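Welcome, and thanks for taking a look at this chain with us. Please open the sequence and the model side by side before reading on.

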Amino acid sequence: MAPSGGSSRQKNCNACVKSKRRCDKQFPLCGNCTKKGSLCIYGGQVEMQPCSSNSADAPASFDLAASTPAMSYGDDLMLNDGEFSTAFDTNISHQSRTFETDGTLGSLLDSMAENGFGDTPQQPDFLRSDTPTAHTPESKALSRQDYSKVTDICDDYAPWQLADPSTRIAYAMSVFKNFHITFARDNSTIYMHRHLYEGDTPRWILQAFSVCVIYANQTQATRGLLLKALHENVNDLKETANGTALTPREKLARVHALIAYQTIRMFDGDISLGQQVDDDMPLLEAWNGELGIIRDNLEEPTRLNTTELRNKPPESWERWLFAESVRRTYMIGASLKIFWDLLKGRKEATELGNFQFINRWTLSRHLWTATNSFDFFRAWKEKPMWIISAFYFDEFLRTGRGEDVDDFALVFLTLSFGVSEMKTFCYETSGRLLT
């Protein structure tokens, strides 16, 4: 039967009320919604996951090895090759994805609305809608208004904010300055998956990893040797990775290596290293621009409804790891340039740069943290995921939970809405504690 309690006196589900059908009031899915695969919501509930026949709480309607042709994530040539963890967290199990909002979360969502949540052009819910969505041309130019939630970070920046951990700019600095440390500790970052280079690791990655490990464990006695190794490895990267005949995998590896070197030099405090960052930033922009050309920007998936997408998984876990790492790396490379210009007091920090066009990526902690092919395809079949376009988080905030947020998503959600706001969201929706 329909759940009792709450302030609403409505007995039928919302879908049956809207379509003027007789509702059998079964919970969690009434008969009509079960047949149509529609969302089934009663009165005061907030729906946090699509209530369809292929949800995690219902038997799946397709096999992991679906006969539908798998979706290719980009050019075959690109894919033939084969976590700065935020300070972290405790998960408290919540059994149901449908829950009643309390005053705290309600106030949080209201606050987000006041700061721009919901005032952006309505974005289609690519993974949950039951109808085809219009395709947004890649050439559409975006304005600062499209990034209204984050542009004020640059507009209102003052150096003292870096010393206040509650500010979004201080949070951004804590993320960027730890990329090389997390790489040394975990062999991963929020944009480079730990299993990305397994088997045949490019030498540029091995060299960058070695420098990061030495840097993270440096002493006064070893600093001179460290700076020599850093200098020689950067020069070797620029001399050997600046060709045009590189494979897509090599193009990604050189950007990962250069980002590691750049973040070391950006936050070391040595004036000469800071000048080297300036000298090599145009090179990072150029190499990152080539990633923008070879990446799969998820145009095809945006045209699919939930069932179509779930029945059209990537050809392999490894291909998805590469494609998603390219998407995330491209955004981090563009963000690093803006952040550096902001710290240096340059007017370029207020320009959109590579963000003037739509950039997409996949928000799903379940997919990104999968450690093997079986877990990945199981998550693809059972767990929620969102395609995020140009920082439009509206649908995720309405339907997602803290347990769905991976570290990359947490960075951009925090930059959009604030540090305390995301701590509240993650705890109120799934009991996840962020420290």
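## The chain as a whole

Keep in mind from the start that this is a predicted model. Its secondary structure is made up of 18 helices and 2 strands. The chain has 435 residues, and 51% of them count as buried. Its accessible surface comes to about 19600 Å², and carbon and sulfur atoms account for 51% of that area.

## The two strands

How do strands S1 and S2 pair? Strand S1, residues 360-363, runs antiparallel to S2, and the pairing extends over 4 bridges.

## Helices H11 and H13

A packed pair of helices can be described by two values, the angle between the axes and the distance between them. For H11 and helix H13 (residues 317-343), the axes come within 10 Å and cross at roughly 145 degrees. The crossing of H11 and H13 is left-handed.

Which residues make this contact? From H11 come Gly274, Val277, Asp278, Met281, Leu284, Glu285, Asn288, Gly289, Leu291 and Gly292. H13 contributes Val326, Thr329, Tyr330, Gly333, Ala334, Leu336, Lys337 and Trp340. Sorted by type, the residues of the contact between H11 and H13 comprise 9 nonpolar, 6 polar and 3 charged.

Two loop residues deserve a click if you like to check backbone torsions. Asn187 has a phi near 55 degrees, a positive value in a residue other than glycine. Asn187 sits in the loop that joins helix H7 (179-186) to helix H8 (203-216). Is Asn187 buried, partly exposed or exposed? Asn187 counts as partly exposed because its relative accessibility is 35%.

Leu298 is also not a glycine, and its phi is positive at about 60 degrees. You will find Leu298 in the loop between helix H11 (271-294) and helix H12 (306-310). With a relative accessible area of 1%, Leu298 is buried.

## Residues that meet across the sequence

Asn233 belongs to helix H9, residues 223-240. Its relative accessible area is 15%, so Asn233 is buried. What does Asn233 contact, leaving aside its neighbours within four places in sequence? The partners of Asn233 are Gln207, Val211 and Tyr261. Asn233 and Ala208 are 25 residues apart in sequence, with their C-alpha atoms 7.5 Å apart in space.

Leu410 is found in helix H17, residues 407-417. Leu410 counts as buried because its relative accessibility is 4%. Between the C-alpha atoms of Leu410 and Cys426 there are 9.7 Å in space, and the two residues are 16 residues apart in sequence.

Leu29 lies in the loop between helix H1 (14-19) and helix H2 (31-36).

Key. Residues numbered from 1 in each chain as written. Predicted model: local features only at pLDDT ≥ 70, side-chain atom pairs only at ≥ 80, totals over all residues. Heavy atoms only, no water. Buried < 20%, exposed > 50% of the residue type's maximum accessible area, 1.4 Å probe, protein only. Areas by Shrake-Rupley, 256 points an atom, 1.4 Å probe, with all protein chains shown as cover. Axes fitted to C-alpha atoms, helices over the stretch in contact; angles between N-to-C directions. Left-handed = near helix turned anticlockwise from the far one by under 90°. Contact = heavy atoms within 4.5 Å. Nonpolar A, V, L, I, M, F, W, Y, C, P; charged D, E, K, R; others polar. Pairing = 2+ DSSP bridges.
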